[in-house]
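Subject: Handover of a structure and notes on its contents

Dear colleague,

Please find the structure below, followed by an account of what was found in it. I would be grateful if you could read the notes with the structure open beside them.

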Amino acid sequence: MTRTFPAAVDVAIVGSGPSGATYARILSEMAPQASVACFEVGPLLADPPGLHVKNIKDAGERAAAQRRSEGPQAERAAAAGTRMVRPGTFLLPDGYRQPGEDGLPGAAMSSNVGGMGAHWTGACPRPGGRERVGFLPNLDALLDEAERLLHVVDDAFDDAPYSQEVRRRLSTALDNGRDPGRRVQAMPLAVVREGDGRVTWSGADVVFGERSRTNSNFTLFPEALTERILVEDGYARGVLVKDLRNGAEHEIRAGKVVVAADALRTPQLLWASGVRPAALGRYLNDQPQTVFAVRLREVTTLPDESAQSAPGQTISKHSGVSWVPYTDEEPFHGQVMQLDTSPVPLADDGVPAPGSIVGLGWFCAKDLQECDRVEFDAYEQDAYGMPAMRIHYRLTERDHSSIEESRKAIRRAAEALGEPLDEEPRTFDPGASLHYQGTTRMGLHDDGASVCGPNSEVWAVKDLFVAGNGVIPTPIACNPTLLSVALAIAGARSIADQLNADRN
Ligand code: FAD
């Protein structure tokens, strides 16, 4: 089947994950007259576009959708080895570690409509203390808006067995000295409670929303690789897109170009386009992650049978998720998850009371270094024909001591809850958090340490915007997507304002 690519649009968006979807949504709301096209290298998995795969009820279809997100198939199988890889993602096949460095063995990506947002866990905590972007005076208002777009709620699992008890025990052990807003609480989650009581995960489909889907000026092109941004006289003037269905290349003129292609592939596309500011790919950071699991002590009563999930139901009612917020004094982000949302394998010794086995994940903020970076090879290409990646990444002394402290902190939390299932917490290899930041970082001034300004426009190239976790300039320990979406909202609004001003 052939399809028609436009010759020109007002705005070209590269990538259809939550960040790219944010631009589509805000432009659909604020400048519906503007023509907007989104180019996504991965396939369309489901309807509506960007649907979270866990909302697909049929297990076979769900597994197929995950496999279709895993990029070039052969690479994934060959690359994994002993490295951990999550369904729906694929690892960097090589170049993830240089001799003598720690590297990012867990560095992963997803290629599909909806990006990693079709596979994520939906935890949307607000950044606190030094995690916040201090030079954005309206950050809280942007975070409010990001919560609206992602549909974030903090009462999704209030009725989950033991979740109140989990929080009570953690509070007693950990809340002393914390500000009220940074005490143990329910994890804010991007989920939707359907009319029939089911809870489903927000994917990019929720961010796109009806406003994008019904906007006749917005078009999404799956299986469309953006190979290059067209730059003329210091201005972005369009994109070169390869239709992966037939190999044809299309030059599409655009008034503005937004690159929301994840924290590794956004700098890749800029580099491939000759946009190479000093900070591009640098300050790469990932959140060192430690996990542990416990059996809640003294919880013998089996909860109501109605709490069991029905076959095919996506999130069971006993999926409580609690949050131990980051503070500058206790600089770890704690995620405490019951059963099917847990990131760690749980007990297999018979059937535990639903909700009584708890997985804990503690994330550290990285000690930022300019030399931690993704570089690109001028000669070698990846499976898409884009410049191959080379990761340079080291944990510093401060990182090692912060990881040690987080191991103590997770043990304290675990012991407050019950009996640990293992002797020691397990610290994952770098990259396993799936939260990579800093590679196209935002700054207040063009001082060589940032790639874009506060509205996400690239300093070096006018009308070129970057989006996603790479834009985050601060060392954060909390899950990044809410903050990335907040930063994308500011960028999208500034484009909409410019388009509307040009029209008047
Ligand atoms: P992505 O979602 O990665 O989307 C980028 C898109 O760009 C991809 O679809 C990709 O195919 C496309 N693309 C790349 N290059 C090109 C190109 N050249 N041309 C065209 N398209 C291109 N985050 C949280 O905050 N909370 C969580 O609880 C959480 N849990 C997670 C659990 C899992 C299992 C996974 C996999 C991720 C999790 N994350 C979580 C991370 C979260 O999914 C990401 O932060 C989020 O998806 C980033 O959104 P994005 O739009 O910036 O990038």
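Helices (H or I, at least four residues) and strands (E, at least two) are DSSP runs, numbered from the N terminus. In these terms, D463 belongs to the loop between β20 (426–427) and β21 (464–466).

This is a predicted model, in which local features need pLDDT of at least 70 and side-chain atom pairs count only at pLDDT 80 or more, while totals for chains, interfaces and linings use all residues. Residues are numbered from 1 along each chain as its sequence is written, and side-chain values use heavy atoms, with hydrogens and water left out.

Backbone features

Most residues other than glycine have a negative phi, and most peptide bonds are trans. D463 has a positive phi, near 65 degrees, and is not a glycine. With a relative accessible area of 10%, D463 is buried (under 20% relative accessible area; exposed is over 50% and partly exposed in between, with a 1.4 Å probe and protein chains only). H151, also not a glycine, has a positive phi of about 60 degrees. H151 sits in the loop between α4 (139–150) and β5 (152–153), and its relative accessibility of 34% makes it partly exposed. The peptide bond from D47 to P48 is cis, with omega near 0 degrees; P48 is placed in the loop between β2 and α2.

The ligand and its surroundings

There are 35 residues around the ligand, and those that come nearest are S19, E40, M116, N469 and T481. A residue counts as near a molecule if one of its heavy atoms lies within 4 Å of it. A polar side-chain atom of T481 is 2.7 Å from an oxygen atom of the ligand. For M116, a backbone N or O atom lies 2.9 Å from a ligand oxygen atom. A polar backbone atom of V41 is 3.1 Å from a nitrogen atom of the ligand. On its own the ligand has 1000 Å² of accessible area (Shrake-Rupley method, 1.4 Å probe), and the protein covers 95% of this.

The elements that give two or more residues to the shell around the ligand are α1 (18–30), β10 (224–232) and α7 (262–272). The largest share, three residues, comes from β10. By type, the shell holds 13 nonpolar, 19 polar and three charged residues. Here Ala, Val, Leu, Ile, Met, Phe, Trp, Tyr, Cys and Pro count as nonpolar, Asp, Glu, Lys and Arg as charged, and the others, Gly among them, as polar.

Two loop residues

V41 lies in the loop between β2 (36–39) and α2 (59–68) and is buried, because its relative accessibility is 16%. The C-alpha atoms of V41 and F5 are separated by 14 Å, and the two residues are 36 apart along the chain. E101 is in the loop between β3 (90–91) and β4 (108–109); at 15% relative accessibility, E101 is buried as well. The side chains of E101 and H392 are joined by a polar contact of 3.3 Å. A polar contact is a pair of N or O atoms within 3.5 Å; within protein, one must be able to donate a hydrogen and the other to accept it, and residues adjacent in sequence count only if both atoms are side-chain atoms.

Yours sincerely
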